[in-house]
Amino acid sequence: MSAAHDDIHAHAPEQPEVSHPLLWSVCILSIAIFLAWLFFHFLFKGMHVARHHGKIEIHQAGEAEPDHKALMANHSAEVVDQGAAVYNAKCASCHGTQGNSNPSNLKPAPRNFHADAWKNPNGGGPYALYLVLKKGLGTMPAFPGLSAEDKYAVNHFITETWVKKVNNAHYVELDRDDVQKTIPLPGAAGEHGGDHHPAQVEVKAPVLPLMAGIAKKEQQQINIVQVWAEAASAAAPAERKQVAYRFADLAKSEPGLALAIKQTVMANDQPRFTALLAGSDGSGAVRSYFSLLSADELSGLYSLLKGGQ
Ligand code: HEC
């Protein structure tokens with residue numbers, strides 16, 4: 001019986017071979033693609049979450065915090081003079097040579113230092129105003145190229161020359177207590193802020209190096225387009241300032257769009273530039289300002305950006 005059984009097995013007809021190499025390849029490839037998609041999907045998701053929760057921080061490499069308390073306290077004549085020079089070079093075009101006019105016709109108007117109150121949430125103390133220059137405020141840009149010394153000097157010039165004398169109700173010698181508590185110690189690693197030059201961006205990330213690498217690249221691209229837009233608005237003649245400013249603003253709020261627009265400028269594609277910035281494709285809300293501009297104003301902006309490309 002056992003022998004007969006073995007015999008049956010030995011002579012059982014072989015299963016016909018059912019192998020479809022093409023089918024297998026397609027299956028394996030789809031699985032691989034799906035896994036890769038999953039990987040990147042969650043990688044980007046994780047990166048996004050990590051950035052928003054401050055797990056990935058972008059620091060300005062090598063730029064340690066200055067001695068804020070010393071710079072704040074020093075409004076000697078030399079410092080005020082140094083501030084006057086900075087003011088005339090960088091601020092007078094918007095705030096007026098006397099700090100109380102609006103030569104570029106900006107809307108909303110720049111602060112009138114002879115009369116207005118402060119609007120930034122930290123008040124009018126020296127560190128609060130330093131942060132205004134570091135991070136920008138509303139349509140006023142940040143000044144990443146200005147050293148901490150120059151930032152304090154120009155603010156001392158404004159507050160000592162005008163605010164203290166003709167707008168004394170708004171002269172603030174010392175920052176509020178809650179603001180003072182946030183002043184970094186001298187030498188501390190640079191704070192996360194708006195002013196990173198692309199070449200100086202360094203990612204300090206307690207997360208996967210790959211994530212950090214991608215985040216860094218993304219941040220660099222954003223920085224490049226923002227620096228580009230800000231340089232163009234700094235170089236803009238008075239009649240183009242407002243438009244250039246709004247574009248610099250757009251580069252902050254919608255860096256992806258600004259990057260796409262930069263590419264059209266680099267490719268000399270003005271029709272596409274106009275379509276992206278002022279056309280109907282894409283989200284209208286941010287760009288409604290641009291869609292109301294005349295063709296002349298749009299091509300003026302294009303030439304301006306082209307110049308600073
Ligand atoms: C291109 C225009 C422009 C330039 C250049 C400019 N500002 Fe302004 N500045 C503005 C505008 C506009 C506001 C008002 C912003 C707002 O209310 O949202 C403002 C506001 C301010 C404020 C008020 C902050 C507050 O809390 O109310 C200070 C201080 C200030 N600027 C300082 C400077 C200094 C210093 C410089 C030069 C280093 C400078 N600005 C250059 C446009 C400009």
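**A guide to the ligand site**

Visitor: Which residue has a polar side-chain atom 2.8 Å from a nitrogen atom of the ligand?
Guide: A polar contact is a pair of N or O atoms within 3.5 Å; within protein, one must be able to donate a hydrogen and the other to accept it, and residues adjacent in sequence count only if both atoms are side-chain atoms. At 2.8 Å from a ligand nitrogen, the side-chain atom in question belongs to H95.

Visitor: What kind of model is this?
Guide: Residues are numbered from 1 along each chain as its sequence is written, and side-chain values use heavy atoms, without hydrogens and water. Local features need pLDDT of at least 70, side-chain atom pairs count only at pLDDT 80 or more, and totals for chains, interfaces and linings use all residues, as this is a predicted model.

Visitor: Which residues coordinate the iron atom of the ligand?
Guide: Donors are N, O and S atoms within 2.8 Å of the metal (3.2 Å for Na, K and Ca), and sites may look incomplete because water is not among the atoms. At 2.0 Å, the NE2 atom and the SD atom that coordinate the iron belong to H95 and M140.

Visitor: Where in the chain do H95 and M140 lie?
Guide: Helices are DSSP runs (H or I, at least four residues), numbered from the N terminus. The pair links distant parts of the chain, 45 residues apart: H95 is in helix α5, and M140 is in the loop between α6 and α7.

Visitor: What is the arrangement of the six donor atoms around the iron atom?
Guide: Six donors count as octahedral if opposite donors are over 155 degrees apart and all others between 65 and 115. Here the angles run from 84 to 179°, so the arrangement is octahedral.

Visitor: Is H95 buried or exposed?
Guide: Buried means under 20% relative accessible area, exposed over 50%, and partly exposed in between (1.4 Å probe, protein chains only). M140, at 23%, is partly exposed. H95 has a relative accessibility of 10%, so it counts as buried.

Visitor: Which helix gives the most to the shell around the ligand?
Guide: Helices α5 (92-95), α6 (126-135) and α7 (148-166) each supply at least two residues of that shell. With three residues, the one that gives the most is α7.

Visitor: How many disulfides does the whole structure have?
Guide: A disulfide is a pair of cysteine sulfur atoms within 2.5 Å. Among the cysteines, C27 is partly exposed at 38% relative accessibility, and C91 is buried at 12%. Searching the whole structure for disulfides gives a count of zero.

Methods
Four donors count as tetrahedral if all angles lie between 85 and 135 degrees; four count as square planar and six as octahedral if opposite donors are over 155 degrees apart and all others between 65 and 115; anything else is irregular.
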